[in-house]
Amino acid sequence: MASVAAGKAGRGNEDFVGAVPTAVVLTDGAGGVAGAELVCRHDVGWYATRLGTELLTLLPGHPESPLPVLLAEAIERVTDAHRGGCDVTDPRSPWAAVAMLRLVDDRVDHLVLGDATLVLDRVGGPVVVTDHREATICQPYEERLATLVEGSAEYEQVYREAVTVVRDSRNRPGGYWVAKEDPRAAEQAYTGSCPVAELSGAVLLSNGASRIEDRFGLADWPEVLAILGADGPGEIIRRVREAEARGAVPADDATIAHCTDPAP
């Protein structure tokens, strides 16, 4: 089951989710920053969709290739698709977080790059795979901004500093990693495998959907799995939207892929 909800009315969702019989892919597009249109004619939604589509094309034909290798190939293909008329190396051109799950015989492989989240519903309790590297870089600035008056000169100065630091830390050693123009970023993904017999399901979430646990604390991961089993992904997104409205938090694109009965 999958559920996709745009964060803003009148704008398309910049996430992508898709599946083939043995794999599921979620990409969470990012970018859309000021001046992006000057360096790249492709928008964030194009990048997320093109990357996800390339991955779904590659996965069935290469069941034993490591997932980072396939992600690197997909990044290279997307980069080639818009290298000619776009400045793909400019930090304003679009990028994406990625989560993947693949079934190979009696094994399930997974990959997470960037701030997507994967929850494996394993015997003994859920295993959560997520990438906190960007959040770790952002946290000191978020704490400082919380003490300042929004719109004040000091607030604007700290905000600009944060934007610069986050931009300059992207796909750099000691920073954080996402799918953009450099296929070598795939080497930094979090990966793993487990026996399919130990897995009763899995969930892939964009960071707009994982807010139910990691930002709003409305449910822990076992509770999230229970909600999904009872009411489906739409209920998770509904609760996130209510929390965003209560806290006057800008809504983000929210996408969930809920995989059940992974055994072939």
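**Figure 1. Packing of helix H7 against helix H8 in the predicted model.** Helix H7 covers residues 221-231 and helix H8 covers residues 233-246. Their axes are 7 Å apart and form an angle of about 125°. That angle makes H7 oblique to H8, because angles from 65 to 115 degrees count as roughly perpendicular and those over 145 as roughly antiparallel. From H7, the residues that meet the partner helix are Val 224, Ile 227, Leu 228 and Asp 231. From H8, they are Pro 233, Glu 235, Ile 236 and Arg 239. By type, the residues of this contact are 5 nonpolar and 3 charged, with no polar ones.

**Figure 2. Packing of helix H2 against helix H3.** Two packed helices are described by the angle between their axes and the distance between the axes. For H2 (residues 44-58) and H3 (residues 67-83), the angle is about 130° and the axes are 9 Å apart. H2 and H3 are therefore oblique to each other. Their crossing is right-handed. On the H2 side, the contact is made by Trp 46, Tyr 47, Arg 50, Leu 51, Glu 54, Leu 55, Thr 57 and Leu 58. On the H3 side, Leu 70, Leu 71, Glu 73, Ala 74, Ile 75, Arg 77, Val 78, Ala 81 and His 82 take part. The residues of the contact of H2 with H3 comprise 11 nonpolar, 2 polar and 4 charged.

**Figure 3. Glu 54 in helix H2.** Glu 54 has a relative accessible area of 11%, and it is buried because the cut-off is under 20%. Apart from neighbours within four places in sequence, Glu 54 is in contact with Ala 74, Arg 77 and Val 78. Glu 54 and Glu 73 are 19 residues apart along the chain.

**Figure 4. His 82 in helix H3.** Is His 82 buried or exposed? With a relative accessible area of 3%, His 82 is buried. When residues up to four places away in sequence are not counted, His 82 touches Cys 40, His 42, Trp 46, Tyr 47 and Val 88. Two of these, Trp 46 and Tyr 47, are among the H2 residues that make the contact with H3.

**Figure 5. Cysteines and the search for disulfides.** A disulfide is a covalent bond between the sulfur atoms of two cysteines. How many disulfides does a search of the whole structure find? The search gives 0. For Cys 86, the closest cysteine sulfur is that of Cys 40, at 3.6 Å. This is too far for a bond, because a disulfide needs the two sulfur atoms within 2.5 Å. Cys 86 has 8% relative accessibility and counts as buried. Cys 259 is likewise in no disulfide. The cysteine sulfur nearest to that of Cys 259 belongs to Cys 194 and is 12 Å away.

**Figure 6. Leu 199 in strand S9.** Strand S9 covers residues 199-205. Leu 199 is buried, at a relative accessible area of 7%. With neighbours within four places in sequence left aside, Leu 199 is in contact with Val 108, Leu 120, Asp 121, Arg 122, Cys 194 and Pro 262. Leu 199 and Gly 125 are 74 residues apart in sequence. From C-alpha to C-alpha, Leu 199 and Gly 125 are 9.9 Å apart in space.

Key:
Residues are numbered from 1 along each chain as its sequence is written. This is a predicted model: local features need pLDDT of at least 70, side-chain atom pairs count only at pLDDT 80 or more; totals for chains, interfaces and linings use all residues. Side-chain values use heavy atoms; hydrogens and water are left out. Axes are lines fitted to C-alpha atoms, for helices over the stretch in contact, and angles run from 0 to 180 degrees between N-to-C directions. Helices (H or I, at least four residues) and strands (E, at least two) are DSSP runs, numbered from the N terminus. Angles under 35 degrees count as roughly parallel, over 145 as roughly antiparallel, 65 to 115 as roughly perpendicular and the rest as oblique. A crossing is left-handed if the near helix is turned anticlockwise from the far one by less than a right angle, and right-handed if clockwise. Contact means heavy atoms within 4.5 Å. Ala, Val, Leu, Ile, Met, Phe, Trp, Tyr, Cys and Pro count as nonpolar, Asp, Glu, Lys and Arg as charged, and the others, Gly among them, as polar. Buried means under 20% relative accessible area, exposed over 50%, partly exposed in between (1.4 Å probe, protein chains only).
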